[in-house]
Amino acid sequence: MLTLQNWLSFYEKNYVCVGRVIGRFYGEDGLPTPALTQVEAMITRGVEANKLELQEKQTFPPCNAEWSSARGSRLWCSQKSSNSSLALAPGSLKHACYRLTLQFLR
């Protein structure tokens, strides 16, 4: 849906609207149909979800992983990739994820 929104924004910015196509999204009176209202609501939720995801990535940037036949697997994280207030204590969820990651890379 967000791809459709991006496409629509592009056309609204670069072209003049000369009318609407009667059908699923606009009625004969030119007014939006309930289907368009549903699509717009889905787009709004998608935009909000993207904002939350970007905020989370700024707070907790994802770690990086790469693999090459010469070097094998490599995993690295920035200082911000983890919450420094959470200790990597044995038995913690963070510790379990770290162990699983190391096992995966072997």
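This is a predicted model: local features need pLDDT of at least 70, side-chain atom pairs count only at pLDDT 80 or more; totals for chains, interfaces and linings use all residues.

**Cysteines and the largest pocket**

1. Cys63 has a relative accessibility of 39% and therefore counts as partly exposed, since that class lies between the limits of 20% for buried and 50% for exposed.

2. Cys17, in contrast, reaches 61% and is classed as exposed.

3. Cys63 and Cys77 are joined in a disulfide, with 1.9 Å between their sulfur atoms. The count for the model is one disulfide. Because the torsion about the S-S bond of Cys63 and Cys77 is about 110 degrees, this disulfide is right-handed.

4. As to position, Cys63 belongs to the loop between α2 and β1 (64-68), whereas Cys77 belongs to the loop between β2 (72-76) and α3 (93-105); the pair therefore ties together parts that are 14 residues apart in sequence.

5. The largest pocket holds about 780 Å³ of space. Its lining comprises 21 residues, of which Trp7, Leu8, Glu12, Tyr26 and Leu36 are the closest to the centre.

6. Two helices, α1 (2-14) and α2 (34-59), each contribute at least two residues to the lining of the largest pocket. The greatest contribution comes from α1, which supplies six residues.

7. In composition, the lining of the largest pocket consists of 14 nonpolar, three polar and four charged residues.

How values were computed:
Residues are numbered from 1 along each chain as its sequence is written. Side-chain values use heavy atoms; hydrogens and water are left out. On a 1 Å grid over the protein atoms alone, a cavity is a set of points where a 1.4 Å probe fits but cannot get out, and a pocket is an open set with protein on both sides within 12 Å along at least five of seven lines; lining residues have an atom within 4 Å of a point. Grid points are joined across faces, edges and corners, and a volume is the space filled by probe spheres set on the points. Helices (H or I, at least four residues) and strands (E, at least two) are DSSP runs, numbered from the N terminus. Ala, Val, Leu, Ile, Met, Phe, Trp, Tyr, Cys and Pro count as nonpolar, Asp, Glu, Lys and Arg as charged, and the others, Gly among them, as polar. A disulfide is a pair of cysteine sulfur atoms within 2.5 Å. Buried means under 20% relative accessible area, exposed over 50%, partly exposed in between (1.4 Å probe, protein chains only).
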